[in-house]
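Here are my notes on the model, point by point. Please read them with the structure open.

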Amino acid sequence: MNLMGELVINKVRLEQIGQTHRLAELTETLEQMDRVTTDLQNIVMKVRMVPVSAVFNRFPRMVRDISKELNKEINLTVEGEETELDRTVIDEIGDPIMHLLRNSLDHGVEHPDEREAKGKPRTGEVGLIARHEGNNVVIMVTDDGAGINADIIRKKAVEKGMISQEEADKLDDADAVRLVFLPGFSTAEKITDISGRGVGMDVVRSKIEALSGHVDVETKIDEGSIFKIKLPLTLAIIQAMLVKVQEEMYAIPLGSIDSTINIQPTDIKTVRNKEVIVLRGEIIPIIRMEETLQVPHVKDSDEIFVVVVHAGEAKAGIVVDNLIGQQEIVIKTLGNLFAGLKMFSGATVLGDGRVALILDVATMMQQ
Amino acid sequence: MANEENKKNGMDEGMQVVAFKLRDEEYGVSILNVQEIRNLTDITRVPFAADFIKGVINLRGSVLPVIDLKQRLGLAETPYTENTRIVTVNIDDLHVGMLVDAVTEVLTIDGKPIDTKKAINDRSGSRFLSGIGNVDGRLIIMLNLEEIIGNTDGK
């Protein structure tokens, strides 16, 4: 896979050389090579894609066994088994999912009697759902169990000296629940065979992050929890639009781009102090990349380019100084030193040897 | 504690170190941690990263973070010169490039390095140091790489 990446980088470099020298024969050969590498890449990709059913298959059995052991009544629903993922991801994803499922079974879903007392059906529902979301595959483990109590999490974290009382008080509920992903955290009152040994969620998280994925949790007390794993569809190569902001280059994945437009400064209107543009009757909020990313200002530009992007249902226009063009890029992770930096999903090496950061559109829109 | 650190950084007698300059002082890291020394190349800034992380560079197709060692140690920044080098180091699984003012040479430090805790009154930044080597009167300040690049969350 790395070799494929190197090949693409070199192909792009050759293309750039070809453009500067403009030799007819060279251009022709390059076009030929471009077709061949693209085909080769597609084949390599296809060979590497495996449906998630390869890992999902073993879970119904496991859930049955565990629920018997725990004396719980549980119904597992599996959806989206046909969703395909890169082979390397599939190999690694089994353990984290198994862990999340065990957690849901053990701590999530309550005992049948307890459920009845709460007015829920005796049988707990656990879901394992895979689906595409843009350039990502999302795998969710859901349960309709007890949910996670943010206050208990806060208390535990303080008790274990992981955070101070002040820090705990400052966290909102959603962030407090995310503390379960810290190393050495276990809220189970008693340790069981199945989970609660304190080596859990942090391992899940580090494994997912090693695959350049992301794991998050949503929970509501007595309604259940959703653990959401987001993984890049392909580990290595995507199509992206390269944009220039002042002197810096960034890559925006083509999968999240709707369109690009060239507008006049006067086209930007404000609605309640927020800048927007009107595009085909739709009002789209704009994000000025220069300000959001604190890019050093070198010169004023007279033209404004807007890259209209989407994340889920939401749309936004990202203002950039120039569009460089569409290119295949090879995703490289930024590494541990930048853990916690969600704004970028990675970096890529451009044809000229420089490094450009790849924008995570969803995170940018939340800012 | 100091002994432990020394052991981790290979501070035994007769160790080889790569010596480099930060302002007027000479620093060193064990040669076993150094992967290569590179000339200064274009550094791509990474927004929202810690101040001392200058950005990332392309190291033969992979992406390598680069830190400003002076800033990390709490020394004032100086402009880059033609002597500025990027020393790429490995520690555990981390690969990081460190910007230094100049690389001087590879030295062998004989004898026991002086314990920093005794030599220097404890001041901020001293957790980054693991000892001081004496080579014919030249003092080489040995760095504790684990603290410098391993322990970077929120500091």
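1. Start with the interface. 20 residues of chain A are in contact with 18 residues of chain B; contact means that the C-beta atoms, placed from the backbone, lie within 7 Å. On the chain A side, α1 (2-21), β17 (344-349) and β18 (355-359) each supply at least two residues. The largest share of that side, three residues, comes from β18(A). Helices (H or I, at least four residues) and strands (E, at least two) are DSSP runs, numbered from the N terminus.

2. What is the make-up of the side of chain A that touches chain B? It divides into 12 nonpolar, four polar and four charged residues. Here Ala, Val, Leu, Ile, Met, Phe, Trp, Tyr, Cys and Pro count as nonpolar, Asp, Glu, Lys and Arg as charged, and the others, Gly among them, as polar.

3. On provenance: this is a predicted model, in which local features need pLDDT of at least 70 and side-chain atom pairs count only at pLDDT 80 or more, while totals for chains, interfaces and linings use all residues. Residues are numbered from 1 along each chain as its sequence is written, and chains are lettered from A and ligands numbered from 1 in the order in which they are written.

4. Now the sheet in chain A. Five strands form an open sheet with mixed pairing, in the order β2-β4-β5-β7-β6. Two strands pair if DSSP finds at least two bridges between them. β2 (74-79) and β6 (214-220) of chain A are the edge strands, each pairing on one side only. Neighbouring strands are turned by 15 degrees against each other on average, direction ignored.

5. Within this sheet, look at β5 (136-143) and β7 (224-232) of chain A. They pair in the antiparallel sense over eight bridges. A:Val138 has A:Lys230 in β7(A) as its bridge partner.

6. Helix α5 (87-108) of chain A packs on the sheet. It touches β2, β4 (124-133), β5 and β7 of chain A, and its direction makes about 20 degrees with that of β5(A). Axes are lines fitted to C-alpha atoms, for helices over the stretch in contact, and angles run from 0 to 180 degrees between N-to-C directions.

7. Check two backbone angles. A:Asn273, in the loop between β11 (269-271) and β12 (274-279) of chain A, has a positive phi near 70 degrees. B:Arg23 has a positive phi of about 55 degrees, although it is not a glycine. B:Arg23 sits in the loop between β1 (15-22) and β2 (25-30) of chain B.

8. Are these two residues buried or exposed? A:Asn273 counts as exposed because it has 5 C-beta neighbours inside 10 Å. B:Arg23 counts as exposed with 12. The cut-offs are 20 or more other C-beta atoms within 10 Å for buried, 12 or fewer for exposed, and partly exposed in between, with C-beta atoms placed from the backbone.

Methods: Two residues are in contact if their C-beta atoms, placed from the backbone, lie within 7 Å.
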